[in-house]
Amino acid sequence: MSAAIRLTAVDKRFDSGLEALRGVGFEVPPGQFAALLGPSGCGKSTILRLVARLDRPSGGTVEVGSDVAGSAISYVFQEPTLMPWATLFDNVRLPLRIAGISRAEARNRIAPVLASLDLAGFEGAYPAELSGGMRMRASIARALVTRPRVLLMDEPFAALDEITRARLNDDLLALWQAHGFTVLFVTHSVFEAVYLSQRVLVMSARPGHLVGDLVVDEPYPRGAELRLSTRYAERCRAVSVALESGYGADLPP
Amino acid sequence: MNRPPSRLFLPALVLIGAIALWELWVRLAGIPHYIVPAPSLVLATLWENLGSLAVAWLYTLKITFGALLLAVVGGVLLAVAFALSRTVELALLPFAIVLQVTPIVAIAPLILIYVESTTAALLICAWIVAFFPILSNTVIGLRAADPSLGDLFTLYRASPWQRLRWLLVPSALPYFIAGLKISGGLSLIGAVVAEFAAGAAGRETGLASRILEASFRTEIPKMYAALLLIALTGVAIFLLFNLLSRLLLGRWHAGELGPGR
């Protein structure tokens with residue numbers, strides 16, 4: 001299959017009876033940076049869990065590209081989700097350790113990733129000794145050491161302050177441009193979605209379904225120039241309108 | 001330990017002051033030593049009977065740490081079984097609770113009848129008292145692992161063994177240590193209480209038997225001396241496990257809980 005991620009008529013109903021998703025279908029081509037935007041509780045995270053095979057759909061199919069198997073998928077959670085008892089190095093090493101990669105080999109693979117995330121020199125620090133921004137960087141580093149083809153991100157910067165968040169946004173874009181992985185980025189921020197992605201998938205309130213699919217045709221690298229431009233404001237407005245429409249949208253059958 | 005000196009100084013001062021007051025009161029009021037002995041007499045008695053008391057002390061230590069070891073092994077194994085299977089937990093938890101809530105002095109005489117070796121009977125009694133905190137804490141700890149970290153292990157296709165070693169055991173460790181601290185004190189209590197129930201009999205006996213023996217002969221200072229040894233042992237066990245906890249959890253756990261713990 002040519003797409004990196006393909007969802008076809010996906011339904012998800014939990015055992016509690018809660019209907020999270022109804023008739024969700026979209027494709028993400030390899031290397032695309034796609035944002036998944038919607039109100040809280042609309043099932044955005046559920047979509048990520050389905051793509052990561054942490055959960056099964058109740059109906060429809062979820063496919064990931066044939067070259068995207070197993071640990072080629074990485075996941076970054078809203079919280080840094082680090083092991084508090086392990087050093088930053090051992091946290092980042094975890095996926096490699098599970099895969100049975102030797103410590104020496106792991107060290108070679110981890111060093112450049114830590115350097116690219118400004119974490120070099122903090123290998124021996126414990127999570128409690130790091131700032132919130134650094135913990136999130138460590139979490140991203142852990143996701144990247146497996147050299148994933150698909151990176152799933154679940155509101156990774158929501159808990160950070162605005163300044164740290166803006167910086168991490170730019171760092172993430174630089175890493176994406178350097179490595180060319182596919183990104184599915186869940187957020188409830190219109191501005192973040194438009195700033196980061198090539199395409200914004202807009203979801204309605206629960207049961208979640210797609211109500212908009214907008215292309216953000218702006219060149220990278222993006223920076224302050226884009227943030228301050230009227231084009232950016234217009235795109236944000238268009239996405240906001242799509243988001244608003246989701247509240248009163250008709251459900252698919 | 002970066003404590004201000006007053007944190008150690010104040011309790012030490014109060015303790016020394018209380019002992020001095022006790023000494024003064026006994027001397028000035030002329031309290032007979034067979035009612036309340038002065039601290040100095042208790043120490044002198046301890047010194048005079050050091051031989052027999054040390055033998056008894058070693059025996060009590062043997063029961064205490066033997067029971068604690070069994071409590072750790074039994075408690076952890078049972079906790080792992082509970083964590084792996086709700087069915088096992090449902091089936092066995094009632095027994096664990098019955099053992100926990102029944103006063104040991106009420107069960108001890110029966111155990112002493114059924115089990116021929118007094119040492120084995122005392123071990124069983126002390127174990128019954130000590131194992132529950134380890135069991136219940138370890139069960140909670142094994143279930144306390146961060147679910148997102150669990151998802152991560154699933155995503156990277158960790159084996160059950162990897163999940164146990166790198167996720168469940170470290171997550172459960174602080175809970176286990178908290179249980180161990182409680183059980184350490186309880187196994188000493190269990191060892192002493194069970195020996196009281198057993199009475200001063202048998203070839204090998206512990207500090208409780210020394211206390212019973214001394215009370216039959218109204219040797220009050222000797223009762224105090226044995227009591228002092230038990231109390232000091234309890235304090236030593238408490239300090240030992242606090243140190244162990246600091247060594248094992250030290251850096252990350254202190255950071256997790258914030259200062260002052």
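In the predicted model, the centres of domain 1 and domain 2 of chain A, taken over C-alpha atoms, are separated by 26 Å. Domain 1 of chain A is built from two segments, 5-68 and 149-248. Domain 2 of chain A covers 82-146. Contact between them involves nine residues of domain 1 of chain A and seven residues of domain 2 of chain A. On the domain 1 side, helix 5 (residues 162-179) of chain A gives the most, with four residues. That side of domain 1 of chain A divides into seven nonpolar residues, one polar and one charged.

Helix 5 of chain A has 18 residues. From its first C-alpha to its last, helix 5 of chain A reaches 26 Å, close to the 26 Å expected at 1.5 Å a residue. Just after helix 5 of chain A comes G180(A), which takes a positive phi of about 70°.

Chain A also holds an open sheet of six strands, in the order 5-6-7-3-8-9. The pairing in this sheet is mixed. Strand 5 and strand 9 (210-215) of chain A stand at the edges. Each has a single partner strand, so one side of each is left without a neighbour in the sheet. From one strand to the next, the twist averages 15°. Within the sheet, strand 6 (residues 150-154) and strand 7 (residues 182-187) of chain A run parallel and are joined by five bridges. Here D154(A) stands opposite V186(A) of strand 7 of chain A.

An antiparallel pair is formed by strand 1 (residues 5-13) and strand 2 (residues 19-28) of chain A, over six bridges. I5(A) has V28(A), in strand 2 of chain A, as its bridge partner. The hairpin of these two strands has five residues between the strands. In that hairpin, G17(A) takes a positive phi near 95°.

Chain A also touches chain B. The contact brings together 18 residues of chain A and 16 residues of chain B. On the chain A side, the elements that give two or more residues are strand 5 (73-76) and helix 2 (88-98).

Chain B has ten helices and zero strands. Its C-alpha atoms fill a box of roughly 75 × 55 × 25 Å, taken along the principal axes. Of the 261 residues of chain B, 34% count as buried. Among the contacts in chain B with a separation of 6 or more, 77% are between residues 24 or more positions apart.

One residue of chain B was examined individually. L46(B) is found in helix 2 (residues 39-48) of chain B. L46(B) counts as partly exposed because it has 18 C-beta neighbours inside 10 Å, and 20 or more would be needed for a buried residue. Leaving aside neighbours within four places in sequence, L46(B) is in contact with L53(B), A225(B) and L228(B). V72(B) lies 26 residues from L46(B) in sequence. In space, L46(B) and V72(B) are 33 Å apart, C-alpha to C-alpha.

Terms used: Residues are numbered from 1 along each chain as its sequence is written. Chains are lettered from A and ligands numbered from 1 in the order in which they are written. This is a predicted model: local features need pLDDT of at least 70, side-chain atom pairs count only at pLDDT 80 or more; totals for chains, interfaces and linings use all residues. Two residues are in contact if their C-beta atoms, placed from the backbone, lie within 7 Å. Domain bounds come from an automatic or database domain assignment. Ala, Val, Leu, Ile, Met, Phe, Trp, Tyr, Cys and Pro count as nonpolar, Asp, Glu, Lys and Arg as charged, and the others, Gly among them, as polar. The expected span of a helix is 1.5 Å times one less than its number of residues. Two strands pair if DSSP finds at least two bridges between them. Axes are lines fitted to C-alpha atoms, for helices over the stretch in contact, and angles run from 0 to 180 degrees between N-to-C directions. A residue is buried if 20 or more other C-beta atoms lie within 10 Å of its own, exposed if 12 or fewer, and partly exposed in between; C-beta atoms are placed from the backbone.
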